Each structure stands twice: as structure tokens, then as C-alpha cells.
Amino acid sequence: MSFPHRTGPGNAVLRPRTADAGPGIRPVEGPDPRAPRATPLTRRYEASWLAPDGEVRSSARIAPATPLFEAAFAALARGAVVQTDEGPVAVEDLVPGMRAQTVEGGAETITWIGAMTLYPARMGPDPRAAAALVRVTAEAFGLGRPAQDVVLGPYARLCLQGARLQARTRIPSAYIPARAFLDGLGVIELSPASPVTVYHVALARQASLRVMGLEVESFHPGEALAETIDPRMLALYEALFPHLDRLSDFGPMAHPRLTRSEIEAFFG
């Protein structure tokens, strides 16, 4: 385990007007190019995956602690139970090669599992490194949904479907951030009091995992992501998924995604 960290602070410097500055020449304001530059926070990411030869392999990498990277590792908190062909299995006990039951029907092979550790702000060098969890209390979404309290990671998305969604959005089903359901009663934000390991799970074909009565999106980087980030960052990101040659190998998404603001616009 490692703390998100900085390798060095940056110093913004205001340069004073010099005595020999000529008429109409303004003093230069801004960062002094001689000052050390701030480097982004980084985080340790762990992954295990199903190799082409059928073996399970694992690795750990240091990469930027940004939402792009963290979203691939933070959907389910330790203790969340995933339904598999072998029965209910806690997410921390899942192994690539197992087959997870899906909401869309049938089972899909687990090809990749990512994990990272969230730290309380008081334990890390920068408060921004802390992230809130989401607790969904028993039956917050109806009978058995979930069957008991379940804690989700900050980037979990739930599959929502039904006539109301289709009437408002003309979409029969969609993935929605779990945080969009925060109400302080059935769905509560939690700040971890001690380090918490969070996970995400990728399948051979994207689908919705059955998690204690909830329908949770399996990992997918999103469509056309490779076209929206610079090549250097893309190379760092793709290295987190050694089981694939390129991001397009994740295949199509099971359902479209809606943002929290879109949900508030449709249902607010």
C-alpha cells in the first residue's frame, strides 16, 4: 500500500518591477521558470488479469491519482458480495477466470480485477487525495435491493431501467453514478475512518454485476476514450490493462451512461 503523494511543491513567484524597466513595460507576473514545478499526485494501482494462456497474473503500478485512473479501480468496497457461478463471493476474493452472474442474463468471465486503497484525509499528505464512499442501506431501492447494507466506491454506477426512465429520456436503460442517488437516508456518503480497499471488475463482455441485490456496472473505459486524451497519458492508462492490446478491445458498452447533472435535469 502507498499513500497518494507529491514529489515536490511548486512556488508561484511575483516578480517585482525592476529599476531599469522602460516606459510602458509591465512587470512580469506568474510562475518563475526557475522554481520547481508541482508534480501531480500519484497512487499505487494493483491489478490481476486472465492471460491468454489461461494463467492469472498480477502487477502493481504507480500512476496519476486523477479521476480518469481512479474510476477504473473504485466501484466496490471490500466486503461487497458479487454473485458468481460458484455462489456469492466477496469482491476481495474474486479471481480472474471466475464467471460472474449478470443482470442481462447468463454469466460472463471475469478478465481483470483492479484494486486501490483510499485513505482518510488525516492520514494522507493532501486532503484532496481522500474520496467518499457510498453506503446503500438495505432495501433503499425496494424489496431486497440491496438485501443488506452495501458500500460502493466513489466511482460506482448503477443500472437503472424502467418505464419512467424511458418516458423521461427515451432510453430503456442506463448507467448512473451511485452518487446521484445520495439522499442522506437510504443512500449515504461515507468518509472512511481508516484505509479502505476498493475494487473494480472487468468482464469479457461488459454487463451489470449482481451485487447483493443491486445492479452495478462492470468496468468499461467508455467509448472513444482513446481519442480524448493525449498519447502519453493514454499509454500509461492502457498499461493498467495488460490483458488487452488496446482500449477498443473492451468492446461495446452494455448500456449508455447518464451523468448526475443529466439525471437531475430529467428527474429534478
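Q: Is F219 buried or exposed?
A: In this predicted model, local features need pLDDT of at least 70, side-chain atom pairs count only at pLDDT 80 or more, and totals for chains, interfaces and linings use all residues. Residues are numbered from 1 along each chain as its sequence is written, and side-chain values use heavy atoms, with hydrogens and water left out. Buried stands for under 20% relative accessible area, exposed for over 50%, and partly exposed for what lies in between (1.4 Å probe, protein chains only). Because its relative accessibility is 5%, F219 counts as buried.

Q: Which kind of aromatic pair do F219 and F250 form?
A: Rings of Phe, Tyr and Trp (its six-membered ring) pair if their centres lie within 6.5 Å, and planes under 30 degrees apart count as stacked, over 60 as edge-to-face and the rest as tilted. F250 is buried, with a relative accessible area of 6%. For F219 and F250 the centres are 5.5 Å apart and the planes stand at 80°, and the pair is edge-to-face.

Q: Why is the pair of F73 and W112 classed as it is?
A: Both F73 and W112 are buried. Their ring centres lie 5.3 Å apart and their planes meet at 70°, so the pair is edge-to-face.

Q: Which residues do ring pairs link into a cluster?
A: The count of aromatic pairs comes to eleven. Ring pairs join into one cluster the residues Y45, F69, F73, W112, F219, Y237, F241 and F250.

Q: Which residues touch the most other members of the largest nonpolar core?
A: A nonpolar core is a set of buried Ala, Val, Leu, Ile, Met, Phe, Trp, Tyr and Cys residues joined through side-chain atoms within 4.5 Å. The largest such core has 29 residues, and those touching the most other members are L76, L94, L152 and V211.

Q: Where is E264 placed?
A: E264 is partly exposed, with a relative accessible area of 47%. Its C-alpha atom is separated by 10.0 Å from that of F181, 83 residues apart along the chain. The place of E264 is in helix 4 (residues 260–267).

Technical notes:
Helix = DSSP H or I, 4+ residues; strand = E, 2+ residues; numbered from the N terminus.
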